[in-house]
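Open the structure in a viewer and follow the selections in order.

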Amino acid sequence: MPEAVAGAALDERAADVATGTRPWAVYLLHCAGGKCYIGISPSPQERFAAHRAGKGAAFTRANRPLELAAIVWFESRSAAASMEVRLKALARPLKLQWFAGFPVTSESRPAMLEGGLASLSPLRG
């Protein structure tokens with residue numbers, strides 16, 4: 001990538017992060033010992049690589065990540081963080097059920113927080 005283009009891309013990314021408009025993902029890792037880990041990142045594949053290299057959370061250093069099992073994109077860091085907290089509070093079977101049942105999203109078509117929150121209602125009984 002030419003230097004001017006790379007600089008422009010970095011400026012655009014910094015502006016997106018500063019304004020909160022860049023989509024962020026909630027991701028699910030399957031880890032050693034049959035455990036799972038939920039985290040957020042604007043670059044979940046890169047974050048998975050960092051976890052596998054031992055540069056992630058303490059949990060993933062102790063429970064080696066085996067697979068990036070699911071990614072759900074949300075409209076902003078704030079929305080992803082809000083969903084992460086709520087998902088981490090669920091029992092493991094409900095976390096897996098949520099990821100399996102949530103509509104497909106992409107970085108270019110992220111979910112809104114309201115849709116994520118509404119999707120939790122059936123799990124709480």
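The model is predicted. A pair of aromatic rings is described by the distance of the centres and the angle of the planes. How many aromatic pairs are there by this rule? The count comes to five.

**First stop: two tyrosines.** Select Tyr 27 and Tyr 37, an aromatic pair with 6.4 Å from centre to centre. Their planes stand at 50°, and the pair is tilted. Now colour the strands. Tyr 27 belongs to strand 1 (residues 24-31) and Tyr 37 to strand 2 (residues 35-41), so the pair ties together parts that are ten residues apart in sequence.

**Second stop: two phenylalanines.** Select Phe 74 and Phe 102. The ring centres are 5.9 Å apart and the planes meet at 45°, so this pair is tilted. Phe 74 is in strand 3 (residues 65-74), while Phe 102 is in the loop between helix 5 (92-101) and helix 6 (113-120). The pair links distant parts of the chain, 28 residues apart. Phe 74 has a relative accessible area of 0% and is buried; Phe 102, at 11% relative accessibility, also counts as buried.

**Last stop: a charge and a ring.** Select Arg 77 and Trp 24. What sits over the ring of Trp 24? The charged end of Arg 77 does, 5.0 Å from the ring centre.

Terms used: Residues are numbered from 1 along each chain as its sequence is written. This is a predicted model: local features need pLDDT of at least 70, side-chain atom pairs count only at pLDDT 80 or more; totals for chains, interfaces and linings use all residues. Side-chain values use heavy atoms; hydrogens and water are left out. Rings of Phe, Tyr and Trp (its six-membered ring) pair if their centres lie within 6.5 Å; planes under 30 degrees apart count as stacked, over 60 as edge-to-face and the rest as tilted. Helices (H or I, at least four residues) and strands (E, at least two) are DSSP runs, numbered from the N terminus. Buried means under 20% relative accessible area, exposed over 50%, partly exposed in between (1.4 Å probe, protein chains only). A charge sits over a ring if NZ of Lys or CZ of Arg is within 6 Å of the ring centre and within 35 degrees of the ring normal.
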